[in-house]
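Please look over the sequence and the structure shown here before reading on.

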Amino acid sequence: MPLDITTLETWLWDAACAIRGPVEAPKFKDYILPLVFLKRLSDVFEDELERLADEYGSRDVAARIVEEERGRGIIASSRGSVRFYIPENARWPSVRRHGQAGLGQFLTDAVRAVARENPRLQGVIDIVDFNATTAGQRLVTDEYLARLVDVLSRHRLGLHDVEPDILGRAYEYLLRKFAEGQGKSAGEFYTPREVAILMAHILDPEPGRTVYDPTCGSGGLLIKCHLRLLETHGVQQNGPRRLPPEHAPLRLYGQEINSATFAMARMNAVIHDMEADIRLGDTMRQPAFKETAGRLLTFDLVVANPMWNQNFPTELYENDPYERFSFGVPPASSADWAWLQHMLASLNDRGRMAVVLDTGAVSRGSGNQGSNRERDIRKAFVERDLIEAVLLLPENLFYNTTAPGIILVINRKKKHSGQVMLINASKLFAKGRPKNYLTDDHVEKIAGLYHDWRAEEGISALISKEEAARNDYNLSPSRYVATNDQEEVLPLEEAVVLLREAEEERAEADRELHRVLRTLGLVLKGNQS
């Protein structure tokens, strides 16, 4: 039986305990996951050699075939009998036999050797120096690395030992366990697995489509789209589900600003046998995917969970060379509608997207007197009939915030023009410790309502653009779908954003007042700004 999630988490906890002391908890994953990846590659390589041995009747013949393909460059071109060539000194039995002395240098040499043999893994597996020092002291000594290797040797990670999502599940667990986002804005986290699955069900990709995530993190949302396609169009014969020859795979694209997380996304793609073009960089300032004319490349589908309420200076929007912010300049206090405009600019003329944001993205500014930047941009999206659905998620799903979040669905070619579906799924969850979660039934229920375009009392409603306008473009599902609960309490993160936005508007009003006073020659002493 494949390694179950409880056994996996216990195993990873033991691995973290093995290096507890010299490494801060948020950094555990930087040492554990590359070794988990190396072990997966090694165990899969061993499984593939065994398969060839069964096919040709001899382990020696199998090894000779692989060495010949390696010499001719066939494996490096992804056409070989094995996925990747793992040199002898990088195979897990060699790692185990090496012992403690000089282990850090041995591991560093091993991952670099794998990268040399397999160009697709360069900058992916070889980013960690296990022998690194700071102020003349080793970050992780050979003693601790030997403990880690010993723990990781407990389980095989071959083709039939674990689900392909092993690395994503490991990454999710380590992030959740050691909550590295303390003190940072809600939204800078791993998207919970079931939320990612729900988004893939909403988009329901067809073969051959292009899928883009501008803030791809470890690649989880792209992977869930890939797995959804396998679920709906794949076949299973003597191994994991695969697409039949008549169906083209998804073409996956992602950009990630953090170099370690970028490498993790590429590892995840490798483990899932996915061809994904993942690039490193700051999407908002320097988007990586452009056409030859300098315009943004466009895609069939966009799926994303950008950092919530991120701060960018308004000058970035006002001087944008890609003309992404034609619907309006967002406030400096929250980039939610900046990300939505970037993603809209990255959609082709029949494109759809599903984006996770905080709840305030669909309500801030509504009901206020005068102009509000976010409300005005939201109004433009509604009037252009781009917003197809808003799904309110339950509280306490995300690992470093209790705020609920929403999924906003944008569609350039809506089937139901002039309508918006609001789904209040705030009560559809199972109680967990420490976090709540969506069950498979919850995912099916929510996705089913969306695809059936069905209003159901207490959970979903359909509204017209005119009704949205009457409510000053407030698209919060709880406004339209009652759950017979007490009045909502504003999450702390949302209150902070509203305060920042009010301060920003006050500062802007002060600047305008001073401009008028200067024009009239009435600037008071001490107010010369």
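The sections that follow treat cysteines and salt bridges in this predicted model.

## Cysteines

A disulfide is a covalent bond between the sulfur atoms of two cysteines. A search of the whole structure finds zero disulfides.

C225 illustrates this result. The closest cysteine sulfur to that of C225 belongs to C216 and lies 12 Å away, which means that the two are too far apart for a bond. C225 is itself buried, its relative accessible area being 0%. C17, in turn, is partly exposed, at 32% relative accessibility.

## A salt bridge in helix α2

The structure holds 29 salt bridges. One of them joins the side chains of R51 and E55, with an N to O distance of 4.0 Å. Both residues belong to helix α2, which covers residues 28-56. Because R51 and E55 are four residues apart in this helix, about one helical turn separates them.

With a relative accessible area of 39%, R51 is partly exposed, whereas E55, at 51%, is exposed.

## Buried salt bridges

R324 and D320 form a salt bridge in which the closest N and O atoms are 2.7 Å apart. R324 is buried, at 3% relative accessibility, and D320 is buried too, with a relative accessible area of 11%.

A further salt bridge links R364 to D358, with 3.3 Å between the closest N and O atoms. Both of these residues are buried. They also belong to one network, in which salt bridges that share partners join D336, D358, R364 and E374.

Conventions
Residues are numbered from 1 along each chain as its sequence is written. This is a predicted model: local features need pLDDT of at least 70, side-chain atom pairs count only at pLDDT 80 or more; totals for chains, interfaces and linings use all residues. Side-chain values use heavy atoms; hydrogens and water are left out. A disulfide is a pair of cysteine sulfur atoms within 2.5 Å. Buried means under 20% relative accessible area, exposed over 50%, partly exposed in between (1.4 Å probe, protein chains only). Helices (H or I, at least four residues) and strands (E, at least two) are DSSP runs, numbered from the N terminus.
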